[in-house]
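Please look through the structure below with its side chains shown.

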Amino acid sequence: MRRHQKRAGVPMAAHALQDCTMGAIRLPAAALCLLFCLCPHCASGLYPTARNVTWKSTNFKTVLTWEPKPSASYSYTVEFSAVGGDRERTHLCTRFSGTLCDLTKSLKDLNTCYTADVLSEPPLGHSSDLVEFPHATSGRFCPYKDTDIGRPDFTLWVSEDKKKTTLNVTDPLTALFKDSHQQNIRDIFTDKLFYRVTYRRNKSTGKKVLDSKSNIIELKDLDRGESYCFNVQAFIPSRSIDKQLGEMSQTRCSSDEDQSITEVYSFPVIACGVFLVLLLIGIVVAVTVVCCRRRARQKDKKGTLSDV
């Protein structure tokens with residue numbers, strides 16, 4: 001009976017040993033699987049995702065900016081595309097350590113819209129097992145509709161009869177070239193470009209506005225003999241409201257030949273000028289008196305010596 005139990009116990013012990021061995025095999029396999037699943041996440045943590053990806057553009061000079069500045073352990077690559085088009089790269093913004101990419105020459109179609117991705121990748125010369133790298137996507141940017149327009153410059157001329165004031169506006173240059181010619185904003189926007197003139201009487205807060213399609217703007221409704229101040233900015237009515245107006249120019253004022261001295265100069269300046277004139281007169285008088293006295297003394301001395 002005991003022998004039978006011993007023989008029956010042998011298969012039971014062998015089965016238990018087999019289960020133990022299989023469990024030992026399954027445990028490392030599960031650990032390996034967990035490690036495999038977590039490795040890509042751990043590796044991607046070495047390449048922080050860019051943030052605050054922003055388009056900045058003035059007169060079609062367009063750059064993409066983002067944060068933060070990368071450490072030595074990773075770099076950035078910029079990919080861009082027209083909406084619905086294929087992704088493209090520029091060699092100047094591939095695996096580099098900057099936080100700004102100039103895409104002025106890459107956005108060739110000004111009337112289409114673009115998006116861009118900033119990828120966090122290994123530094124140049126290094127590799128990684130990751131299939132997809134962390135990336136941040138920009139908003140949509142349309143050069144023709146979204147670029148900011150810089151301030152224009154202008155000259156001011158008043159006719160001899162004071163009846164007409166003429167402004168001659170210079171179109172701001174863009175960052176674009178065509179046939180070796182640097183284009184200005186008039187070349188791009190053609191007849192859709194207006195200039196808005198804001199003017200007021202000097203030392204007055206009331207303002208008037210005039211829109212003109214021409215670069216030469218004449219104003220004939222101004223009061224003769226009065227000084228006026230002018231500002232000019234680009235105006236593109238076809239754009240969205242927040243993008244219609246460009247940067248305001250510097251203020252230029254016409255001269256007023258009929259102004260009194262108190263209108264041209266402040267009281268402290270006038271007082272200082274009067275004081276300087278009186279001081280100069282006083283110095284001249286004092287020097288003249290001293291010289292006269294010296295000459296009188298010299299004459300007296302000569303008269304005394306001749307008497308002796």
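Trp66, Tyr74, Tyr76 and Phe96 form one aromatic cluster. Rings of Phe, Tyr and Trp (its six-membered ring) pair if their centres lie within 6.5 Å; planes under 30 degrees apart count as stacked, over 60 as edge-to-face and the rest as tilted. The structure holds 9 such aromatic pairs. This is a predicted model, in which local features need pLDDT of at least 70 and side-chain atom pairs count only at pLDDT 80 or more, while totals for chains, interfaces and linings use all residues. Residues are numbered from 1 along each chain as its sequence is written, and side-chain values use heavy atoms, with hydrogens and water left out.

A nonpolar core is a set of buried Ala, Val, Leu, Ile, Met, Phe, Trp, Tyr and Cys residues joined through side-chain atoms within 4.5 Å. Buried means under 20% relative accessible area, exposed over 50%, and partly exposed in between (1.4 Å probe, protein chains only). The largest core has 23 residues, and Leu167, Phe189, Tyr195 and Phe230 have the most contacts inside it. Two or more residues each come from strand 9 (165–170), helix 3 (185–189), strand 12 (194–201), strand 14 (216–219) and strand 15 (228–235). Helices (H or I, at least four residues) and strands (E, at least two) are DSSP runs, numbered from the N terminus. Strand 15 gives the largest share, 4 residues. Apart from this core lies another, of 22 residues, among them Tyr47, Ala50, Tyr114 and Leu130.

Next come the charged side chains. A salt bridge is a side-chain nitrogen of Lys or Arg within 4 Å of a carboxyl oxygen of Asp or Glu. The whole structure has 11 of them. One joins Asp153 and Arg252 (3.0 Å, N to O). Asp153 lies in strand 8 (residues 153–158) and Arg252 in strand 16 (residues 252–253), so the pair ties together parts that are 99 residues apart in sequence. Asp153 is partly exposed at 43% relative accessibility, and Arg252 is partly exposed at 32%. The charged end of Arg252 also sits over the ring of Phe154, 5.7 Å from its centre; this requires NZ of Lys or CZ of Arg within 6 Å of the ring centre and within 35 degrees of the ring normal.

Arg196 likewise has two partners. Its side chain meets that of Asp211 in a salt bridge (2.8 Å, N to O), with Asp211 in strand 13 (residues 208–212) and Arg196 in strand 12, 15 residues apart. Arg196 also lies over the face of Phe235, at 4.2 Å from the ring centre.
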